[in-house]
Every structure is written in C-alpha cells, then in structure tokens.
Amino acid sequence: MPQFPNILCEVLTVLFQPINKNYHEFIIERDKDRCINCQVCVRQCSYEAHYWDDNRQKVMHDNSKCIGCHRCEALCPTAALTIRRTPSEFRPNANWRPVFLQNIYKQADTGGVLLAGMGSPVDIPVYWDRLLLDASQVTNPSIDPLREPMELRTYLGTKPDRLKLLENGQEPPSLQTEIAPQIKLDTPIMFAAMSFGAINFNLHRAMARAATELKTAYNTGEGGLHRSLFKYGKHTIVQVASGRFGVHRDYLNAGCGIEIKIGQGAKPGIGGHLPGEKINDKVSETRMIPIGSDAISPAPHHDIYSIEDLLQLIFALKEASEYRVPVSVKIAAVHNVAAIASGVVRAGADIITVDGMRGGTGAAPAMIRDNVGIPIELALAAVDQRLRDEGIRHKASVVAAGGIRCAADVVKAIALGADAVYIGTATLLAVGCTLCGRCYTGKCPWGIATNDPRLSKRQNPDVASRKLVNLVNAWSHEIQEMLGGMGLNSIESLRGNRDKLRGIGLSDTELDILGVKHAGR
Amino acid sequence: MKAPERYYDFQKDISGCGVFGVIDTKRGLIPGQVPIDGMACMHDRGNGLGGGFAAYGIYPEHADKYALHLMCDHQQALTSARELILKYFEVEHDEPIPTRQTPVISNPPLVWRYFATPRADCPADCQGLPEEDFVVALVMKINTTVPGAFVFSSGKNMGAFKGVGYPEDIADFFRVDEYFAYLWTAHNRFPTNTPGWWGGAHPFTLLDWSIVHNGEISSYGINRRWLCENDYLCTMMTDTEVVAYELDLLVRKHGLSRRMASKVFAPPFWDEIERMPDKERNLYTALRMTYGSGMLNGPFAILVGNKDGLWGLNDRIKLRPLLVAEQGDKVFMSSEESAVRTVCPQLDRVWMPKAGEPVIVDLEA
C-alpha cells in the first residue's frame, strides 16, 4: 500500500479556513504506523488540538489549535507524535516579519490588546552571552571546591557603615553595633515572585518546601500566602503589590522579609489581571476576594504617587512587622533605574530588587512586554555603580531578576554587583514548562499556570519540590566551580568584582555602562 | 566618592614574591645586614624587577618629624616637589639620601629626604586637616600632580628604601647595611606583567605603615571599588596598595584592632562561625556582613610593620608560605625558613602560623 505523506492527511481537515487559521505556528505530525488511537493526546491537550473523530473512528487533530507545548508528544505512549514549526511560511519580508502579520490578523478579528505569557522572546541583546569569566593560571592557584570550603552564604538586608567594637583586651571583643534584620541564604538563588493564582497551589507548596530544604527563600508574589504554608515562613518573602491581595497582619508577619512590588520587568508601568476563572476557593480565601471575581492590580499603588509615599509604605510595613524583617522594593528595569534605585534606598528599602525586561509574566500586553524596559544586565550594572558612587551601596542589598538562565548568568550577575538573584522562568522550566507562552489562558497543559484541578494535579508537589532542589543544588555546585576557578572561596569576593568579567563584541558605551573591559585587555 | 570615569579600566599588577621581617621587641638595634642576607638567600623568589626594605628607629635625631623619602626622575621634578613640600611643611632638615654607585643598578632616580612637620599656615586645601590626614593628602598630591616625583615613605622615625633590582643590589645602592633598626620588613618581587618602576617596588608605605606582601588578591576588583566608596583611589594597581588603604580605613578610621582587621582580611569560614558561642558568632557574622567587600580573597602572606610592631598574616587556606621564628627578643617572619636560618642558625622556636591566624608582635613600651 502506498504511503501518503502526513501533510496530505492534514489537508483533509482544512477546508476554506480564514487566513489567520491557515498561518498557524505548529503542525502535529502523527505517525500512523505508531498511533494506536489510545486518545492519551486527546485527554492531555487542554487546547483540544487532538480529538476523537467518531466517523472515522480514530484520533485526529487540528493544527491551528496547537500551541507547541509538546505535552502530547511527551506523553504519547507509542512516540507517534512530533510537533514541528509549520513549514508553510509567509512571503519573506525583512520588515513585515510573520509575527506582525499574525498579530494584525488576530487584532482585526478581535479588536483586543495582544496578550502574551512568559518572558519576551524578542531579539534584544542578551549581555550575559557577551560577558566572559576569568580563571586563575599560575600566578594564583584555582581552588577545588571538592577539597576546600567554598562559601555561597549571603545575607540580604541593610549593613552598617562600620562596626563599633569594644576591645578592652577581652576576647572576643564585644559588638556595639546593632545589626539590622537580614534574610540568610545558603545560596544566592531565590525563587521569584509568582503568585498563588497565577500558578497553582501544588507549585507554591513545592517552592516553599524547596526553599526551606535549600535554606534560601521564595517569594509569594502578590497573591497572598495560604495559611497552610505559613510554616515555611522562615524561607518566605511575602509580597505586597498594588492590589494588596491577601495582605493582613499575620501575612506580613509570616515571612522572613516583605517585598513591595512596584513594577515587574515584563510589564513595567502596568498592573495585573488574574481572570475570574482562575479564582477558585483556595485562591479566593488566600487573596481575600470572592470566588470567580477578577483580581485586578492597579498600575500604580494608589497610596504611592511619589518617592516620599514609598517611604511611608516601607515604614508602615516595618511598623506592622515590628522591624523584625527587612523590607524589599521591587522595581522594573526602566531607563532611569539607577536614579530610581537610589531614591528607593534613601526611602529606607533594605533590599532592592531590579527586574529586567526579559523577566517572565503570567500575562502581559505583548506590546509592553516586548518594547518597554531595559535588559537586567545594564540595569544592574547602572544601579550598583550609582549606589556605590553615592556611598549607599551597603545600605541595601541588590537582587537581580529577569532573564537568569543558568549558573553562569548567576555568577555574572553577582560579579556585576548583585547580592542574589531571583529565578522565575527557570523555576517553571524545572517543573516541566516548555515556554509555550500561553499562561494567561489558564489552560496550562503542564499543570503550572492553571488552577483547573484536572490540569493542576499534573504537578505533584513532592516531585516538583525535588526538581527545584536539584536545579538549585546543581547551579550552586557550578557556581562553586566557577568561583574556585577564579581563585575565590567566598561569594562576597565575587560580588561587584567586575574585574572577573570581560566583554566580547561590545561597544565602548556598552562596556562603560557594564563597567567591564573588553576581552583581551 | 564617585568613581572616576573608566575606573574599571585598569591593568592590575601581578607578581609573586618573597617576604622577610624581623623585630627586636626590646628595641635592640638590628643591623641592615640581617634583612639583606635573609633576602639574598631568597634571591630566586624575585626576578630583579623589585626589591626593598623598610626600617624603623633609624632617625632617632628626627624622631618626631615625618621623614619624607622622595624619588624623582629628573631635576625638574625634584625642584617642583621641593616647592610643594616647603609650601605645606615646616622642614627641619633635608638632604640627599646617601647612595653608592653599583654596577648593577642602572639609571636610578634622584633620591632626597625631608624631616618635616605640617605648617600651620599651609594653603587652604589642607587647612584644619588632622595631622596624619594632612600628611597623606600631601603625599597623594605630590604623587599625582608632580610629574616624575614620588614620595615613597612618609612615617616618623622610619624609612623605606626600594627600587628596581634584586633586594641585595637595592640594599647596596641605598647603603642599607649602614642602618640599624629595631624593626625591618623586606621584599623581593617577581612581577609578571609590569616593567620595573622604582615607585612600584615594595615595601608599600603609608605614614608609618609599611607593607610587604606575597600574593595575588583575587578579590582585588571589589576591594578597590569598596575603597573608592570610602574615598580611597587606587592608582598603583597593586594588591599591596589595597592592603595599605584597607588597613588605614579599618584600623585608623574605624578603630578596629589589628587582630580584628586580620579577621576582615581572612575571616573564619561560616561553618566555623556556626560552631562558635553566641557572642562570638554574632561578632563574626556582623564582621563578615559589614566588611565582606574588604575581605582579601586569594593567596597571600603579608607582613605589616608600624610603630607598634610587626604583624604577619596568611590567607585563610594558607596558599602562600609564611613562617615565624623566635630567638631571644627577636622574632622573624619569612617566606622561607632557610632565610631565617641564614641570619640566625640557632632558633628557640619555629612555627607555621595557621591559615588566617594573625601573628602580632608588639614592641615593649
């Protein structure tokens, strides 16, 4: 029997589709020899790309519904499925690239704002890839972390200008300076703010457990903290955002730190919108809003219209938590980020989190995500240098977020001046996210950005927590290797040590902003 | 202070070295031949691109005056520096530093010394400065604004003698064998990337502090940025400069003891700190949090001399050699035992200090 190419079978299902249906992104290739019509793909695909065709008595699919998440491919018991980019292409045009055409078709149909999920995929420079690390050769020995101590311990919080010690011959001298509260991290990697609601409870539980086991911290995001997770408070940073969801006295006192979210790298200048469909009973009780109601975070905090208002909120939160925990302020990396950061530190923030434009999001208008803000590398370098120039770098720890992809990125961020980093996208990747970018639909086939019980049970908190622990442990080992290679045995000697970095293929201006020399010099 | 334009664009000096120090705690005078022989024994630790000595107690007749040792590339520099010094200082006495012609030292700078105290009627930019800050400011001024002139020592009743050459040749040139001091530090240098410059040889000095150092501070990049935040501008691109400024900041300005400053340079590991009693744990946790950017990370053995005594310190995993030996009232510190045995074959006690554990030998009052 002659073998027909798959594409012919596909044609049978496509009849007079409008143009926006035709130019879909992916095609599903089903190997007919392998497919046993078991319908696993039908059950797994939350976008209904696979379906049971009663007339033909076999599994069929609609390519236009495929979002490229690879869930079916991963779970197909006979490996019959392959998801590919569609080979059909728009007429080449360097200016009108396919994404613009597709978006226009979409908007002409709906009249709506283009929504996007996860971090920006646009081709802005990734400076991590343009920075190279140093290693010791001959003149100083590299240090083997398997044989020697290699310290990653980091404290986040404000540090004193100097220590006052009373040394009247006694040993040890007595410390006269009172040290402000700190967040103690055994590794400078934290799980980024992803709210309960945007991601489901299983993952919040997994992050809480993993952060506890790793002796680092995770951030609740703006959706409050379910009471059953209060017991992980020593490793929890509770967030207060413009919607003030789930903010109450116990919440503010549940964690090891409080973060005021002013902005997010993926969508600077705008708020958030968690659709009512995602608000189930647990999310409702945690956020303190009715089941099924939309959770809308305003663009600004309505009690912060200027820097002096921020100061008041910082101290209101410090009062509410009786000065037991440091207060962090998270801002998006925008053009004047250095000056803003300086103001934030002067307003009393103990930690400043800078979130770069490649940072992830559950939902953001695509125009904002892909066009607003600046990359974290430049923002971080500018903030660190400005705070040092003003002699206030020690008054706040700097946390970098938004686009950290691997241990080397962490090392480069710390060398540029960060005390620690947040990982968000990497956290989700670790539990199976494939960056399909449809988090805002609530249909996440991997059970991550969804509260649909049928989908969210795909995440087992035990397994997820193990994966998160593995990831951070692996990165920490790699950081230790790189540190040792540079002849350092403690992370504080890397922090802000830009001499360990060289730029490759960067302009003088870029090098100047990053404060690094070009490779070869 | 705000970091100058392109502060990140520097070429750091990298070198290996030999160090030697000796102190007589009862201020008995030790002839210059002792450190010279010690250094000569460790000839192979240098490559002829730098050697030097610092001697304490050599100017008893001018003991209360700052002894400014000046080196100049040409007569013009000497004249300009002189004008500046006379404007700011009451000079009690000045003279050329005695030297002898030696075949191996070629093209040496002009060397001169002043015994002086700050003028009350000095120009406005130094008016009202505490005396020591005044001296530091003027040294910086000469070194950065007078082309070809460099003040290489500025303490009271002490002086540095250093230059490009092996230490025994530099000693020959400066007639170090003719001095007697109760405390000596000495250095032999093996730079890998800089042509020799007389001012860049060690000991590095600031007021009465003299520092000799064998090592490479891998944390240099952050140390110098932290110093810049604290108004110290690193211009020499050497690790030793960083050590000197940090000492000045920690000991003179922040009032830490030399022992606690050692713990900033080479702090205990976190797992040691975890095991300490509460009071100590809190102290060392605070110390590391506050002064983390000042930690000297990388291999080093440092000897520091000042008016109080001699202080030796190793990095916290002891990646460079440092040995201490006692004989009577004398204490030796050296990269190699052979150097000590050369000048003093019979020793009462010889030991290798533990990594990160400072050895502080004070002069008796």
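1. In chain A of this predicted model, the axes of helix α10 (residues 337-346) and helix α12 (residues 376-389) come within 8 Å and cross at roughly 50°. Axes are lines fitted to C-alpha atoms, for helices over the stretch in contact, and angles run from 0 to 180 degrees between N-to-C directions. α10(A) and α12(A) are therefore oblique to each other (under 35 degrees is roughly parallel, over 145 roughly antiparallel, 65 to 115 roughly perpendicular, and the rest oblique). Helices (H or I, at least four residues) and strands (E, at least two) are DSSP runs, numbered from the N terminus.

2. On the α10(A) side the contact has A:V337, A:A338, A:A341, A:S342 and A:V345, which meet A:A379, A:A382, A:V383, A:R386 and A:L387 in α12(A). Contact is taken as C-beta atoms, placed from the backbone, within 7 Å. By class, the residues of this contact are eight nonpolar, one polar and one charged. Ala, Val, Leu, Ile, Met, Phe, Trp, Tyr, Cys and Pro count as nonpolar, Asp, Glu, Lys and Arg as charged, and the others, Gly among them, as polar.

3. Helix α6 of chain B (residues 239-253) has 15 residues, and at 1.5 Å a residue they should span 21 Å; the end C-alpha atoms are 20 Å apart, which agrees. The expected span is 1.5 Å times one less than the number of residues. Just after α6(B), B:G255 takes a positive phi of about 70°.

4. Twelve of the 15 residues of α6(B) are buried, so this helix is largely enclosed by the rest of the structure (buried: 20 or more other C-beta atoms within 10 Å of the residue's own). Among the buried residues are B:D239, B:Y245 and B:L250. Their cover includes β11 (204-206), β12 (209-215), α5 (220-229), α7 (258-265) and β13 (300-306) of chain B.

5. α6(B) packs against α7(B) at an angle of about 135°, with the axes 10 Å apart. That makes α6(B) oblique to α7(B). B:L247, B:L250 and B:V251 in α6(B) meet B:R258, B:A261 and B:V264 in α7(B). This contact has five nonpolar, no polar and one charged residues.

6. A note on conventions: residues are numbered from 1 along each chain as its sequence is written, and chains are lettered from A and ligands numbered from 1 in the order in which they are written. Local features need pLDDT of at least 70, side-chain atom pairs count only at pLDDT 80 or more, and totals for chains, interfaces and linings use all residues.

Conventions
Two residues are in contact if their C-beta atoms, placed from the backbone, lie within 7 Å.
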